[in-house]
Amino acid sequence: MHQVHLAVLLGFAAFATAFPSPFTAQNDHRSSKDARVLILGGGVTGVIAARTLHRKGIDDFLIVEARDQLGGRMQDYTIGVPGKQYTIELGPNWIQGTQTGNGPANPILTLARKHHVKNQYNDLDGSMTTYDYNGLKDYQDILDASIDQFTQTGVVAGERVLTQQVDLSLQSAYGITGATPKNMYEAACQYYEVDWSPDQNSWIASAWNNNFTFDTDMGGFSEDNNLCIDQRGFKTIIQAEAAEFLQPEQVSLNSVVTTIAYSEDGATVTLEDNTTLAADYVICTYSVGVLQYGDVAFEPALPSWKTEAVQSMVMATYTKIFLQFEENFWFDTEMAIYADKERGRYPVWQSLDHVKFFPGSGLVFVTVTGDFSLRVEGMEDSDVQEEVMEVLRAMYPNTTVPDPVAFYFKRWNADPLFRGSYSNWPPSFLPGHSENLRASVDKRLWFAGEATSLKYYGFLHGAYFEGLNAGEEIAKCVEDPVCVGRQHLNSVLDASPYPFVSITP
């Protein structure tokens, strides 16, 4: 990863020598402060916001990034014994929804094509082997039915939108449509479709989130998911894009923000080393998990409408646990599902030692999510490995399964820079909350990221579109002193009155 980081910095240097610095007298948008715009976070949203400002002729900005390189949650790791090492993706791994014919392309796919980032179609549903704790168990028919059931919940969600019925949890949707799991096989297949407990998912928002990405009739890109297998790492799409326009002085790496002070006149950011940076505008691209934890202080405290919006969203945790073995002994399909009496216990497996991905690598990984992810994060690595191996040996009772030669997973929830993997819209989160999550405070403090995307929350392309939008809107503010900012609702109200006037003494 260090080599990639140096290459990006060298890219900045080469760009800077080829073109004049943006910080010259010819720039009409200079501020007397450290920068006209501070962009907090160098992930997809932050870099695309910076690129948008640059394209608008505004180069007086600074990306403030806590890590030693750009990329945000696009993080990789080199796993394997000497001579058999591979780059694996710890965070985002897929281009979700690609392109259908000459239709709209997912902007993440467009970046991957532009920067020649290798990705491969991943057949998530059609290349599957199924297991339980006694070994191989064929319940592909149940998986097929589960796929249809998930589709049906989306159809009924659409009907509820047309008639303006209230949102419920996805768990309620399965019950209403007669698809509540009756056994561990149905529960495992439902898990595969939903990723974690359905009671944490909005029924209606889950439907539009899925359809606006995957359903071409709704403007989606395609049904396909492409797995990034580029050995430079998935982050290359954003680092290579940044290298095309960023100057070295426009990025401050290893800069951890502790406080954001704001007023109607601008904002001042304080770093961990007590350095202060002043700007006219600040774009905060931190995850909703970081905002919820209070890892960054706001002065004054954020208004109640903003705090409610932040705390109403859910920050989900998605944990991929990687193992490398000397030889491949497992399924020859791309995917596998393991059904256990305990829902969510190491259920989703994927082989990277596959002809489409890294043949001969000896790599396989298992995914856990939600509460099980938090449980795993609280355990020692050795204990997690022991549990994973117990499941793997149960899947192969007639095989002598050796211990892995390499083992790794990242603790996303425990990382103070992220506090989870991506946002998830719960049943109690209303469109008004989404509006308030995006809204600016005092016209100077702006918020953007995948969580602020109404259509595409949780997706990389959601982060992309939000960076694009934030950059465009702030460019208008820089160019026009009359800046209205993004509006908010003082209160998010229920659709109908409560049955009681008061419920407290």
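Student: What makes the contact of D76 with K235 a salt bridge?

Tutor: Keep in mind that this is a predicted model. The closest N and O atoms of D76 and K235 are 2.4 Å apart, and a salt bridge requires a side-chain nitrogen of Lys or Arg within 4 Å of a carboxyl oxygen of Asp or Glu, so the pair meets the definition.

Student: Why is the pair said to tie together parts that are apart in sequence?

Tutor: D76 belongs to strand β3 (residues 76-79), whereas K235 sits in the loop between β9 and α8, so the pair ties together parts that are 159 residues apart in sequence.

Student: How do you know whether D76 and K235 are buried or exposed?

Tutor: Buried means under 20% relative accessible area; D76 has 5% and K235 has 2%, so both count as buried.

Student: Which strands form the open sheet, and in what order?

Tutor: The order is β5-β9-β6, with antiparallel pairing.

Student: Why are β5 and β6 said to stand at the edges?

Tutor: Each of β5 (94-96) and β6 (119-121) has a single partner strand, so one side of each is left without a neighbour in the sheet.

Student: What makes β5 and β9 count as a pair of strands?

Tutor: Two strands pair if at least two bridges are found between them, and β5 and β9 (residues 225-228) have three bridges in the antiparallel sense, so they qualify as paired. Within this pairing, I95 stands opposite N226 in β9.

Definitions and conventions:
Residues are numbered from 1 along each chain as its sequence is written. This is a predicted model: local features need pLDDT of at least 70, side-chain atom pairs count only at pLDDT 80 or more; totals for chains, interfaces and linings use all residues. Side-chain values use heavy atoms; hydrogens and water are left out. Helices (H or I, at least four residues) and strands (E, at least two) are DSSP runs, numbered from the N terminus. Buried means under 20% relative accessible area, exposed over 50%, partly exposed in between (1.4 Å probe, protein chains only).
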